[in-house]
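Hi everyone, thanks for making time. I'd like to walk you through a structure that may be new to you, so let's get it up on the screen.

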Amino acid sequence: MPTPTDPAGPQRVLITGASSGIGRATAIELAGRGSRLVLVARGRESLEEAAAEALSAGAEEALVRPADVIDPDAVQAAVDDAVAEFGGLDVVVHAAQVMAYGRLEDVPREVFERTVDTAVHGTANVARSVLPVFRKQGAGHLVVVNSLLGNIAAPLMGSYVTAKWGQLGLIRVLQQETRDEPGISVSAVQPGGVDTPIYFQGATWAGSTGRPPPPVYSPQRVARAVLSTLDRPRRIVQSGIFNPLITAGFRLVPGVFDLLVGPLLQRMAIANDDSPPTEGNVFESRPAGNATEGRWRSI
Ligand SMILES: NC(=O)c1ccc[n+]([C@@H]2O[C@H](COP(=O)([O-])OP(=O)(O)OC[C@H]3O[C@@H](n4cnc5c(N)ncnc54)[C@H](OP(=O)(O)O)[C@@H]3O)[C@@H](O)[C@H]2O)c1
């Protein structure tokens, strides 16, 4: 895949999910390159904090545009604003997502559907608004933060697994549909466990919130994987040393995988914190919980 833009120069970038976790860490890393940023998430308050951090880290500009990615008009308005302000867009990083824990029978239908919608229709809305801009320019790079869970399945995470498989399918289609424009790249970054607030911000009907399974990466490390993808476009980039092994186990020995995944998840990816059922931030922003890091030790 070709390099669509000059990664050395300041780039015009829109980031969704920019007020927390990986999106926020990516904003700060890109700020260090002097980028001009448009930061998108639902809540204004934590976007303003992220913008202040980005400006301190060296961003030439950091504009805040609150928008829900499942609202196509709001996404279009944010993209239109970015193009009007910057005269174009070189890079879009799409990291907005929510999480819900619990068995399919236990998670309310609306919570399940919103979790899937955020990934699948959110990605469709972002791509629908951004790709025409890239086509007009003959260049641009869309990086979607997907997940190891776009490759494998895990119990109690049905909505998120469905979300990430659907999102990855759409990303692969977009890669095929933009082959006619060599200046455009579409990439997926697939992290394993990352120390971000998504685990305790999300919904749960599992009696506990989740936690990132080890080895837990820092959001900055995943952000650097996003930047390396921008510098050298690839279809799918892993950010997790065991991702290929875990994916191979899921595909090659599904019986063994299914035997182990439940007990391992309970031991390593569930916080066991006696959490009552909650919708968490699935339907609306919870600014108090947004931050770059979560609460775990990371590498
Ligand atoms: N953390 C991990 O272990 C991990 C592992 C693999 C993949 N990932 C992926 O990495 C990406 C970032 O996750 P994270 O862990 O950094 O989560 P996070 O810290 O919870 O950040 C999620 C961001 O998305 C925003 N958001 C949520 N729903 C939105 C919506 N409908 N419209 C616009 N913005 C929305 C949130 O802000 P508001 O709530 O204010 O909107 C927040 O800025 C996601 O795609 C996630 O699936 C994470």
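Let's start with P155, which sits in the loop between β6 (140–145) and α5 (158–177). When I say helix or strand, I mean DSSP runs, H or I of at least four residues for helices and E of at least two for strands, numbered from the N terminus. Before going on, two housekeeping points. Residues are numbered from 1 along each chain as its sequence is written. And this is a predicted model, where local features need pLDDT of at least 70, side-chain atom pairs count only at pLDDT 80 or more, and totals for chains, interfaces and linings use all residues.

The scale is: buried with 20 or more other C-beta atoms within 10 Å, exposed with 12 or fewer, partly exposed in between, with C-beta atoms placed from the backbone. Setting aside neighbours within four places in sequence, P155 touches V261, G262 and L265; contact means C-beta atoms, placed from the backbone, within 7 Å. Y101 is 54 residues away from P155 in sequence, yet 8.9 Å away in space, C-alpha to C-alpha.

Now the sheet. Seven strands, or rather 7 strands in an open sheet, run in the order β3-β2-β1-β4-β6-β7-β9, with parallel pairing. To pair, two strands need at least two bridges found by DSSP. At the edges are β3 (61–64) and β9 (236–239), each pairing on one side only. Take β4 (residues 91–94): this strand pairs with β6 in the parallel sense over 4 bridges, and V92 has L142 in β6 as its bridge partner. Helix α7 (residues 219–231) packs on the sheet and touches β4, β6, β7 (184–191) and β9.

Next, the core. What does the largest nonpolar core look like in numbers? It has 81 residues, and those with the most contacts inside it are L14, I15, A27, L37 and L39. A nonpolar core here is a set of buried Ala, Val, Leu, Ile, Met, Phe, Trp, Tyr and Cys residues joined through C-beta atoms within 7 Å. The largest share of this core, 9 residues, comes from α4.

Finally, the ligand. There are 34 residues around it, and the closest are G17, G21, R42, T196 and S285; the cut-off is a C-beta atom, placed from the backbone, within 6 Å. Helix α1 gives the largest share of that shell, 3 residues.

Technical notes. Contact = placed C-beta atoms within 7 Å. Axes fitted to C-alpha atoms, helices over the stretch in contact; angles between N-to-C directions.
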